[in-house]
Structures are given as C-alpha cells and as structure tokens.
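Good morning, and thank you for making the time. I would ask you to look at the sequence and the structure together as I go through them.

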Amino acid sequence: IPENYLSSFLTDLRMMMVLTGVQAAAIFSPIMAGSRVTPIQMVARTKIAEFAYGLPGGKNILGEFDPAGFLEGKDKLEVYRLREAELAHGRVSMLASLGFLVQEKFHPLFSGDGGPAIDQIPALPIWLWGVMLAGIGYAEQIRIAKGWAKLDPETNTAASALREGYYPGDLGFDPLNLKPEDPAEFALMQEKELSHCRLAMIAAAGFLAQEAVTGKTWGDYWGDYSW
C-alpha cells in the first residue's frame, strides 16, 4: 500500500474516532440524559441569536444600539411588535417633519398668518376634520388587517400582537416600485429607512418643542419667515 494512502487512511480513522467519542459523550452526558435533542440540535441552540432576531437596525453608525435594554428577554414576536411600532411612528414622523418644513411656504389649509400649527389646527373646518379622521382610520385598518392577529371571540384577546409570519412594516405599499429585487440592496434600504425614521422622530419632537416654547414657527423664529 502506498505510504500516502496509508497516511490518509489513518488520519480519517483518527477523525472518525474523535467524532464518535464526542457523539457518545454528548449522548450519555447528564445534560442529554432523558432528552430527545440531538447533539447537532444542541449546538445549534447554543448559537448566539442575531441582533433583534435578524431585523435591520444593527448595521449603522451606532451598531447594535440598545442602551435601555428593550430587547433583553424578549421573544421574537415581541421584538417584531416593538419594531412595528417604531416603524409606524417613524414613518408618521417623517411626514410630520416634512410638513413642518413645507407649510412655511405652502399652506393652502391655513391662513398663513403665522404662529404655531397647534394654534391654527382648531380653526380648520369641520368637514376637513372628518376627511382627515377617515383617512387615518382607513390607513390604520389596512395595517391592522395585514399585520395584527385576530382576537378570539370568546376571550376578546389574541395569543400574540402580530400575525405569525408577518414582517414588521411590510404592508405591501410600494406605488413607486422602489423596493429593490436584490436582497442585499433591500436590506440596505431597510437600514436607511430605519435611520431616517429615528432621526425624524427626534426632529418632529424638536419642531413641536420649539413651537411650544417660543410660540413661533421655525422659520419665523430663525428670522426667515419669507422662505
């Protein structure tokens, strides 16, 4: 028998013996006693879970940012529920921040006399309030129908907040066909959206606080009301 073949055979034999020993030790160990979990499944379960169960948000300048520990001890459905809430508030905040900027120059629904929006909103006609509430209710109904679990008629509760298999924020709304087909590009777009959502929530809160404290719009306060 050629020496190289013999050496290869002995190496493979040693490897098989080592693997057999590991398998036997795992099967007869106290941890595995009485368990139907295979050693391969045991190894798989000991792997560290991905940040936020693989949801976007960990690949940005802040990294896996969770200083308040909102994700600690949470299961997948609960983390998904938190992300759904974050995306919903973030998307509304992006529209709100844009509205604060645009309404300084373009305000067909308001008098244009200046002053915080909170002071002008009560002056809107009743029919417009009805249109806005109907639009908000319709949008929320679609979101609930797509993502939220149905209630049990007897207990009036649900086993979980979100439907099984629902991905946070995936409402199927893409009229401009912006969703990339490439998974890597889509993941990058999700990261960008989440970052913009978080920034917009801070920006919208800043706009509201500034108007509440100063009693002026941002353009008027900074001396550029004519913008």
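Leaving aside its neighbours within four places in sequence, which residues is arginine 143 in contact with? Before the answer, a word on conventions. This is a predicted model, in which local features need pLDDT of at least 70, side-chain atom pairs count only at pLDDT 80 or more, and totals for chains, interfaces and linings use all residues. Residues are numbered from 1 along each chain as its sequence is written, and side-chain values use heavy atoms, with hydrogens and water left out.

Now the answer. Beyond those sequence neighbours, arginine 143 is in contact with Glu84, Ala88, Trp148 and Leu171, where contact means heavy atoms within 4.5 Å. Arginine 143 sits in helix α5, residues 126–147. Its relative accessibility is 15%, so arginine 143 counts as buried. The classes are these: buried means under 20% relative accessible area, exposed means over 50%, and partly exposed lies in between, with a 1.4 Å probe and protein chains only.

Let me turn to the chain as a whole. The protein chain holds 7 helices and 0 strands, and from the N terminus on its elements run α-α-α-α-α-α-α. These elements are DSSP runs numbered from the N terminus, helices being H or I of at least four residues and strands E of at least two. Of the 227 residues in the protein chain, 21% are buried. Among contacts with a separation of 6 or more, 59% are between residues 24 or more positions apart.

Next, helix α3. Glutamate 78 belongs to this helix, which covers residues 76–102. Glutamate 78 counts as partly exposed because its relative accessibility is 24%. Its side chain makes a polar contact with the side chain of arginine 81, at 2.7 Å. By polar contact I mean a pair of N or O atoms within 3.5 Å; within protein, one must be able to donate a hydrogen and the other to accept it, and residues adjacent in sequence count only if both atoms are side-chain atoms. Glutamate 78 and serine 160 are 82 residues apart in sequence, and their C-alpha atoms are 8.1 Å apart in space.

Alanine 85 is also placed in helix α3. With 30% relative accessibility, alanine 85 counts as partly exposed. Between alanine 85 and proline 168 there are 83 residues of separation along the chain and 8.5 Å from C-alpha to C-alpha.

I come now to the loop between α2, residues 39–45, and α3, where alanine 52 lies. Alanine 52 is not a glycine, yet it has a positive phi of about 55°. Tyrosine 53 is placed in the loop between α2 and α3, and tyrosine 53 likewise has a positive phi of about 55° without being a glycine. How do the two stand in accessibility? Alanine 52, at 7%, counts as buried, whereas tyrosine 53, at 35%, counts as partly exposed.

Glutamate 64 also has its place in the loop between α2 and α3. Glutamate 64 is exposed, since its relative accessible area is 58%. Setting aside neighbours within four places in sequence, glutamate 64 is in contact with Phe51 and Gly58.

Which residues form the largest nonpolar core? It has 7 residues: Phe51, Ala52, Leu55, Val79, Tyr80, Leu162 and Tyr166. A nonpolar core is a set of buried Ala, Val, Leu, Ile, Met, Phe, Trp, Tyr and Cys residues joined through side-chain atoms within 4.5 Å. In soluble globular proteins, nonpolar side chains tend to be buried together.

Finally, the second largest pocket has a volume of about 580 Å³. Of the 21 residues that line this pocket, Phe65, Phe70, Arg83, Glu86 and Arg198 are the closest to its centre. The elements giving two or more residues to this lining are α3 and α6, residues 183–214, and the largest share, 4 residues, comes from α3. A pocket here is an open set of points on a 1 Å grid over the protein atoms alone, where a 1.4 Å probe fits, with protein on both sides within 12 Å along at least five of seven lines; lining residues have an atom within 4 Å of a point. Grid points are joined across faces, edges and corners, and the volume is the space filled by probe spheres set on the points.

By class, the lining of the second largest pocket has 13 nonpolar, 4 polar and 4 charged residues. Ala, Val, Leu, Ile, Met, Phe, Trp, Tyr, Cys and Pro count as nonpolar, Asp, Glu, Lys and Arg as charged, and the others, Gly among them, as polar. Thank you for your attention.
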